[in-house]
Amino acid sequence: MTSPTLEQDARRPSLTGIVASATLVQALASMAVLTVPAVAPEVAADLGVPAAAVGFQISLLYLAAMAASLSGGAFVQRFGACRTSQIAMLATAAGCLIAAIPTVGTLALGSLVIGAAYGLPNPSASHLLARYTPAARRNLVFSIKQTGVPLGGMAAGLVAPPIATAFGWQAALVAVAVASLAAAAVEQPMRARLDEDRDPTAPLLRLPVEDLKALGRSAPLRRLSLAAFCFSGVQLCLMGFLVVLLVAELGVGLITAGIVLAAVQAAGVGGRVLWGLVADRIGDGLLVLMGLAALMVAGSAAMMALSAGAPQVAVVAASLVLGVSAIGWNGVFLAEIARLSPPGRIGAVTGGAMFVTFMGVMVAPTAFALLHDWLGSYTRSYGLLVALGLGGALLVAGARRGARSTAP
């Protein structure tokens, strides 16, 4: 006769399977966000708009993601984390198919749907990973899951252009839609077990500000979320302006600049895993985030010191320091949000924290562009990234002091 303990163990979902599924969902959501930018010239030519106008699509995406992230906790509570993840994949597929209809209006509508879908994976994944991950491995597991973001970006850059060249840009979006539907189907066998803790009577249309209030009630969570505003700003400015800085001001060839950008992305993937390991090893994720902020400041300051004709090794070194830190912080951040969240509120608090994070994505690149227009220099504009890194470090330090003072 099988013992109850063995039966429970047999029914317990595999952590490896949960992490793999969450990483895949994150990668596909990220790939959907970046597919149109990856084929922007083809989209612009087909729709008869300037290529630069496609940049507004990213703004629409993140505006929708900000709004949806505040509903992530309610979705997790009502439908379960796994079902919320499936909803995100179904919405991603729908958004891609709508955006593939070749009109400006449908591209805008599809982008809003893709963005709304992008706001759901983090609250759902954080809820699941916090439930099934041992505390001693929390930072590593969350960091592995967060590698899905740069991996999705790399996939968009590698897969979308060849498909668009061979079959048209719409085919690239359709391919992402098909992959997203497949991901939702793969999760279905796990759904009943993973969503045992859902509350079907939980209100779905609650006021989104409730999730922000959860941050406001905790000084450490509030400061950590504001630090993520700073860090996400550094990350998006790095990714958005690195190539033009290398080519326009430092005299690096376009192909070489593209290789450097790919290396920075790869450094970010490795950094996410590395910093998760370090945080678990020393048992202090907030201290690791402070160290990463220091690296962001150092890398940004090094960029400010570069000029045309600078040794290529110096250019690459400064870029990689920024890549490993400004792209590598996310997993440890989400693990710390989960650790500091009140019991049963991880999804809601994560949604609120991501709302603040997405604000950094929206604000910082615009501020960087305006600063460049004023200073006439990309390298000197990296002073904004120095300031954001310093601000993030101070905020994390404050969160760390507050968390220690309230610890039992």
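Does Tyr-62 count as buried or exposed, and at what relative accessibility? Tyr-62 counts as buried, because its relative accessibility is 10%. Buried here denotes under 20% relative accessible area, exposed over 50%, and partly exposed the range in between, with a 1.4 Å probe and protein chains only. The model is predicted, so local features require pLDDT of at least 70 and side-chain atom pairs pLDDT 80 or more, while totals for chains, interfaces and linings use all residues. Residues are numbered from 1 along each chain as its sequence is written, and side-chain values use heavy atoms, without hydrogens or water.

Aromatic pairs were examined across the whole structure, and nine were found. Rings of Phe, Tyr and Trp (its six-membered ring) pair if their centres lie within 6.5 Å; planes under 30 degrees apart are stacked, over 60 edge-to-face, and the rest tilted. One of the pairs joins Tyr-62 and Tyr-118. Their ring centres are 6.1 Å apart and their planes stand at 90 degrees, so the pair is edge-to-face. Tyr-62 belongs to helix 4 (residues 55-69) and Tyr-118 to helix 7 (residues 104-118). The two are 56 residues apart, and the pair links distant parts of the chain. Helices are DSSP runs (H or I, at least four residues), numbered from the N terminus. Tyr-118 is buried, with a relative accessible area of 9%. Elsewhere, ring pairs link Phe-241, Phe-368, Tyr-378 and Tyr-382 into a cluster.

Ala-65 also lies in helix 4. Its relative accessibility is 0%, so Ala-65 counts as buried. Contact means heavy atoms within 4.5 Å. With neighbours within four places in sequence set aside, Ala-65 is in contact with Gly-115, Ala-116, Tyr-118, Gly-119 and Phe-358. The C-alpha atoms of Ala-65 and Met-354 are separated by 8.8 Å, although the two residues are 289 apart along the chain.

Helix 2 (residues 15-38) contains Ser-21. Val-19 is found in helix 2 as well. Ser-21 counts as buried at 11% relative accessibility. Val-19 counts as buried at 11% relative accessibility. The side chains of Ser-21 and Glu-187 are joined by a polar contact of 2.8 Å. Such a contact is a pair of N or O atoms within 3.5 Å; within protein, one must be able to donate a hydrogen and the other to accept it, and residues adjacent in sequence count only if both atoms are side-chain atoms. Not counting residues up to four places away in sequence, Ser-21 touches Glu-187 and Met-190. Val-19, leaving aside neighbours within four places, is in contact with Leu-129, Val-141 and Ile-144.

Helix 9 (residues 138-146) is mostly covered, with eight of its nine residues buried. Among them are Val-141, Phe-142 and Lys-145.

Four salt bridges are present. A salt bridge is a side-chain nitrogen of Lys or Arg within 4 Å of a carboxyl oxygen of Asp or Glu. Asp-197 bridges to Arg-131, with the closest N and O atoms 3.2 Å apart. This pair links distant parts of the chain, 66 residues apart: Asp-197 sits in the loop between helix 11 (169-194) and helix 12 (209-216), and Arg-131 in helix 8 (residues 121-132). Asp-197 is partly exposed, with a relative accessible area of 38%. Arg-131 counts as partly exposed at 31% relative accessibility.

Arg-400 forms a salt bridge with Asp-284, the closest N and O atoms lying 2.8 Å apart. Here too the pair links distant parts of the chain, 116 residues apart. Arg-400 is in helix 20 (residues 383-406), and Asp-284 is in the loop between helix 14 (254-282) and helix 15 (285-305). Arg-400 is buried, with a relative accessible area of 18%. Asp-284 is buried, with a relative accessible area of 15%.

Glu-336 pairs with Arg-339 in a salt bridge whose closest N and O atoms are 2.7 Å apart. Both residues lie in helix 17 (residues 330-340), three residues apart, about one turn of the helix. An α-helix has 3.6 residues a turn, so residues three or four places apart point the same way. Glu-336 counts as buried at 2% relative accessibility, whereas Arg-339 counts as partly exposed at 40%.
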